[in-house]
Amino acid sequence: MADVAAPAQQHDEHQTTTGLPNTKLAMWVFLASECLLFGALISAYVLYRGRDETGPFPSDVFDIPYTSVSSFVLLASSLTMVLALAAAQKLDVQRMRLWLLTTALLGMSFVGGQVYEFTLFHEEGLAIDTNLFGTTFYTLTGFHGVHVTVGILMLLSLVGMSIAQRLPPDAAFPVEMVGLYWHFVDIVWIVIFTVVYLIPTPAPGG
Amino acid sequence: MAETEERATAPHTPGHAGSHPSAREYVRIGLILAVLTGLEVTASYLDVSGAILIPTLYVLSIIKFLLVVMWFMHLKFDDRRYSRFFVMGLAGAATLYLIVLISFRVFGG
């Protein structure tokens, strides 16, 4: 049974000098800067794609069905994140915690899958210094994996703070901020999945 | 229950233009995203030329990107200034991407 707290109260705690909450504005500016980071990493991957003379090449190591499942998992985590926000906006604390925890677990599955994938690739001879593909692939997907891991820590912190009753009565705002970050790592993966995994790589040396 | 009644009450924060979608709407968007991902994976296995496949994959990817940004990140419902900040970052990233690729003649072979 869900805990339904008292009706939402108007909060004047959202500091603003622009008419927009500073925290939320800062989060969007941060995400805009993150676009530049991942733009650079994706550019580097595309730039060096298909320029290796020695393998392993993407077609030697990629397992598209496996990565597709990982992509579904990350997309599902975005859905559970917004469901957590919807529950927080309804002041349904129990359901909010449940969806936040589910999102964290889905994120852990994704990162676990990535670690497993990296291990397999390494066993097949692809290290970060093996060739251009290895360097750009591990750097790009590694940075993304670190971002997902940070998101998981933020989600677990939210759950912990909620259990410790250290969240404000209207928890929707912090949940929304963490959600923005989480959805951002999801949209970055949407691009990585297409550009890195699905678009065919030119023939070696081409 | 009517869908309009289900719409979640948005937090009363400044710069918030409208109500956020309901849980049902979120699930609907999630299903659309799953179907689009399925289409992407299926398309990648089809024996079609890169001239058709690559634009198709990019279009599907852009649709998914926009669905998450507009609905899950609420840019469709929030103050337009948030969108402007994000678009500035995206435009910067796209410019960087194009300059790098053009500088190294990726398009010219």
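Of the 206 residues in chain A, 41% come out as buried, a label that takes 20 or more other C-beta atoms within 10 Å of a residue's own, with C-beta atoms placed from the backbone (12 or fewer makes a residue exposed, and anything in between partly exposed). This is a predicted model, so local features need pLDDT of at least 70 and side-chain atom pairs count only at pLDDT 80 or more, while totals for chains, interfaces and linings use all residues. As for bookkeeping, residues are numbered from 1 along each chain as its sequence is written, and chains are lettered from A, with ligands numbered from 1, in the order in which they are written.

Chain A has six helices and zero strands, so the pattern along the sequence reads α-α-α-α-α-α; here helices (H or I, at least four residues) and strands (E, at least two) are DSSP runs numbered from the N terminus. Along the principal axes, the C-alpha atoms of chain A fill a box of roughly 65 × 40 × 25 Å. Among contacts in chain A with a separation of 6 or more, 83% link residues 24 or more positions apart, a contact being two C-beta atoms, placed from the backbone, within 7 Å.

After helix 3 of chain A comes A:Leu91, with a positive phi near 60°.

Turning to the partner chain, 47 residues of chain B are in contact with 46 residues of chain A. Helix 4 of chain B gives the largest share of the chain B side, 13 residues.
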